[in-house]
Amino acid sequence: MDRQSPLSTLLQISPISLILGFFLVLPIGTILIVSFWDYNDFSFFPDFVWTNYSDALGSNVTYKTYLNTFWYAGLTWFFTFLIGFTVAYFLAFHIHTTRWQIVLFLICTIPFWTSNIIRMISWIPFLGRNGVFNTMLQSIGLIDEPLEFLLFSDFSIVLAFVHLYALFMVVPIFNSMMRIDRSLIEAAIDGGANGWQMLTNVVIPLCKPGIAIGSIFVVTLVMGDYITVRLMGGGQRASVGVMMWNEISLLLYPAAAAHAVVLLAVVLIMVSLMMRVVDLKKEL
Amino acid sequence: MKNPTTPNSLSRRDLLKRGSAVALGAAVGSQAITGFPTIWAQNIKNVTLRQFGTGVSNINAIAQKAKEDLGITLEMTALDTDATAQRVVTQPKSFDIADIEYFTLKKVWPSGNMQPMDISRLKYFDQIAGTFKDGKLTPSSTIAQGTAPHTVSFTDGPNSQSFSKSMTNWYTMVPTIYNADTLGIRPDLIGRPINSWTELLNPEFKGKASILNIASIGIMDAAMVCEAMGEVQYGDKGNMTKDEIDKTMAIFTEAKKAGQFRAFWKTFDESVNLMASGEVVIQSMWSPAITKVRSMGLPCVYQPLKEGYRSWGGGLGLSRNLSGLELDAAYEYINWYLSGWVGGLLMRQGYYSAAPETSKLHMSDDEWGFWYEGKAAKNDIIDPFGNKMEPAGAVRDGGSFLERMGNVKCWNSVMDENRYMVRKWNEFIAA
């Protein structure tokens with residue numbers, strides 16, 4: 001192929017650069033700048049102070065909140081991985097016609113036809129003290145007192161996360177599995193591998209890119225979430241997102257911006273660690 | 001609605017002056033009472049005013065009635081209390097009228113994004129209660145702690161960004177609504193009398209209590225509780241020292257860790273849902289939330305407590321960007337707002353109108369007796385939306401206006417140590 005003229009190269013890269021510039025670099029740059037500004041009760045103004053960072057990093061609450069958020073992210077990742085892998089495995093290896101694979105795959109997406117807020121809120125009457133689930137357990141005599149931990153607890157938060165994000169795990173893993181050459185599996189079985197060995201030595205290694213992509217989706221979504229934690233935690237559980245949202249609602253924009261920058265750094269480190277485990281560029 | 005007698009030849013200004021003159025006169029003419037616009041209605045008919053406020057008074061019924069009476073189109077946006085402050089400060093061009101609380105006003109007024117109102121253009125200024133003028137409910141009453149509305153009601157001139165200590169001709173906000181707040185309870189699930197703020201932290205209600213997560217208001221409820229427990233003595237609950245804030249938050253953090261609270265709420269609807277579903281049996285609550293729970297057929301009491309009430313007031317303020325016809329329309333709207341119909345609507349939800357006497361004309365004697373005078377209802381009490389709220393014979397929780405507003409111990413406030421308080425409050429929420 002001929003070398004392209006510099007002008008056409010420029011034209012070709014300009015759409016993506018413009019989009020990334022306006023919607024990624026510019027907002028993040030703004031957040032970074034504002035994180036050094038100072039503020040009072042009703043306004044914030046240009047300055048160059050480190051107080052927002054020293055307040056954020058000097059407070060025990062920040063560390064506890066990060067621990068809490070990691071806890072949610074870890075649990076959510078674990079359960080979405082279990083569910084996502086199992087569902088994808090079933091779809092990829094146990095359903096043999098493409099038509100049925102498509103049909104069942106579409107069924108998985110049905111919950112996404114409503115907004116995620118609705119999906120979340122619908123858990124509340126179900127899990128409440130006098131909710132459907134407690135009433136049912138009581139009427140069949142399994143429990144005497146309603147189970148309080150079901151709602152406004154870590155349990156309900158993780159449950160909602162898993163419900164919301166399981167599909168983000170299913171899709172990339174399913175995609176990877178579909179690309180596995182079936183003759184490799186036959187070869188493994190011919191070579192004497194049992195089911196478990198086939199799974200751990202063939203399927204999982206070949207699914208790594210899908211698992212990595214799904215994990216990045218789930219972990220970044222949970223790390224940045226505030227509404228699930230707020231609604232399902234009854235407003236008294238903390239996550240990094242909730243902390244920032246509290247600050248924003250109290251007009252402490254520079255403080256929230258500093259937290260956002262710290263969170264961005266933390267999430268970037270997490271993603272780069274995940275990329276280290278799986279070399280996505282090579283695998284794709 | 002057009003006033004057929006208004007001559008078209010007079011200019012709008014002349015008519016406005018005339019309207020003000022009527023209001024300033026000792027006797028209020030019948031024309032003023034009916035709430036008809038005194039400017040040529042054709043002019044403001046196509047005006048659209050964008051108003052935002054908390055859910056409490058952003059009711060579509062008000063927008064509909066304003067359209068009927070004035071021809072003005074109101075676009076209402078309901079936000080939570082913190083978001084209203086945010087809107088004034090960060091998006092001054094996004095609204096014409098701000099329906100906010102006085103303590104929010106204290107926070108946002110210095111931003112210069114609102115403009116004061118010329119009192120001589122307010123027809124019903126004389127009917128406005130003393131609480132919003134010199135701060136006194138009756139000549140003998142003492143002024144409660146906190147950001148009492150009159151301390152942030154006046155400013156020195158059209159461009160001033162500070163507050164005036166005495167009454168002037170410039171109102172920062174026109175008061176519309178206020179109330180005395182206390183704890184809401186579910187008597188059927190508690191089954192014994194409640195008469196003190198200390199009950200919020202009573203271990204008996206472990207996992208069944210709630211407090212609102214709006215720092216400036218929540219800290220006040222918390223202070224009422226700590227003071228009632230005798231754990232903390234406050235110089236001024238409305239302006240706490242760092243030490244007082246620390247002690248208060250320590251007590252509440254301990255209770256939170258022990259599992260006292262089921263949830264924290266931020267919006268009106270959340271508080272209704274918590275109470276109606278039985279998740280919570282005792283919590284900070286606002287009056288119409290109680291009304292709403294009751295209209296679902298569930299018993300819910302706005303429990304008067306021996307230590308007194310925490311109070312708040314709200315009003316309508318103008319955006320700095322309003323001018324010309326829109327500004328005239330806004331004055332017209334505000335005069336209409338105080339003329340009684342809206343007041344009646346608010347009173348029948350359990351609030352007080354800032355100009356109670358005008359509201360009286362839009363309520364039946366029985367309703368007035370029940371809501372304002374604390375008398376037993378002669379007939380069923382129906383809420384503004386047609387639901388039966390109280391059977392005949394019921395008496396309002398807490399009694400009459402004077403009994404309730406006369407027993408206010410502090411106003412929602414913004415403290416000198418606000419930044420510190422907010423940080424501590426956030427730590428409490430995250431704890």
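Student: In what order do the strands of the open sheet of 3 strands in chain B stand?

Tutor: The model is a predicted one. Within chain B, an open sheet of 3 strands is formed with antiparallel pairing. The strand order in this sheet of chain B is 5-8-7.

Student: Which strands of chain B stand at the edges of that sheet?

Tutor: An edge strand here has a single partner strand, so one side of it is left without a neighbour in the sheet. The strands of chain B to which this applies are strand 5 (117-118) and strand 7 (154-155).

Student: Which residue in strand 8 of chain B is the bridge partner of Phe154(B)?

Tutor: Strand 7 of chain B pairs with strand 8 (residues 170-171) of chain B over 2 bridges, in the antiparallel sense. In strand 8 of chain B, Phe154(B) has as its bridge partner Tyr171(B).

Student: Are helix 9 of chain B and helix 17 of chain B roughly parallel or roughly antiparallel to each other?

Tutor: The axes of helix 9 (residues 242-257) of chain B and helix 17 of chain B come within 10 Å, and their crossing angle is roughly 10°. Angles under 35 degrees count as roughly parallel. Helix 9 of chain B and helix 17 of chain B are therefore, relative to each other, roughly parallel.

Student: How many charged residues does the contact of helix 9 of chain B with helix 17 of chain B have?

Tutor: Helix 9 of chain B contributes Lys242(B), Ile245(B), Asp246(B), Met249(B), Phe252(B), Thr253(B) and Lys256(B), while helix 17 of chain B contributes Tyr420(B), Met421(B), Lys424(B) and Phe428(B). By class, this contact between helix 9 and helix 17 of chain B has 6 nonpolar residues and 1 polar residue, and the charged residues number 4.

Student: Which element gives the largest share of the side of chain B that touches chain A?

Tutor: The contact between the chains involves 29 residues of chain B and 20 residues of chain A. On the chain B side, at least two residues each come from helix 5 (81-90), helix 6 (102-108), strand 11 (261-265) and helix 17 (418-430). By class, that side of chain B has 14 nonpolar, 8 polar and 7 charged residues. Its largest share, 6 residues, comes from helix 17 of chain B.

Student: Which element gives the most to the side of domain 1 of chain B that touches domain 2 of chain B?

Tutor: The domain assignment of chain B gives domain 1 (12-172 + 312-338) and domain 2 (181-308 + 407-430). Their contact takes 15 residues from domain 1 of chain B and 19 residues from domain 2 of chain B. On the domain 1 side, helix 5, helix 6 and strand 6 (145-146) of chain B are the elements that give two or more residues. The most, 3 residues, come from helix 6 of chain B.

Student: Is helix 3 of chain A oblique or roughly parallel to helix 8 of chain A?

Tutor: The axes of helix 3 (residues 60-94) of chain A and helix 8 (residues 154-178) of chain A come within 6 Å and cross at roughly 45°. That angle makes the orientation of helix 3 of chain A to helix 8 of chain A oblique.

Student: How many polar residues does the contact of helix 3 of chain A with helix 10 of chain A have?

Tutor: Helix 3 of chain A passes helix 10 of chain A in a right-handed crossing. Among the residues in contact are Tyr72(A) and Trp77(A) of helix 3 of chain A, and Val218(A) and Met223(A) of helix 10 of chain A. By class, the contact of helix 3 with helix 10 of chain A has 7 nonpolar and no charged residues, and the polar residues number 6.

Definitions and conventions
Residues numbered from 1 in each chain as written. Chains lettered and ligands numbered in written order. Predicted model: local features only at pLDDT ≥ 70, side-chain atom pairs only at ≥ 80, totals over all residues. Axes fitted to C-alpha atoms, helices over the stretch in contact; angles between N-to-C directions. Helix = DSSP H or I, 4+ residues; strand = E, 2+ residues; numbered from the N terminus. Parallel < 35°, antiparallel > 145°, perpendicular 65-115°, else oblique. Contact = placed C-beta atoms within 7 Å. Nonpolar A, V, L, I, M, F, W, Y, C, P; charged D, E, K, R; others polar. Domains from an automatic or database assignment. Pairing = 2+ DSSP bridges. Left-handed = near helix turned anticlockwise from the far one by under 90°.
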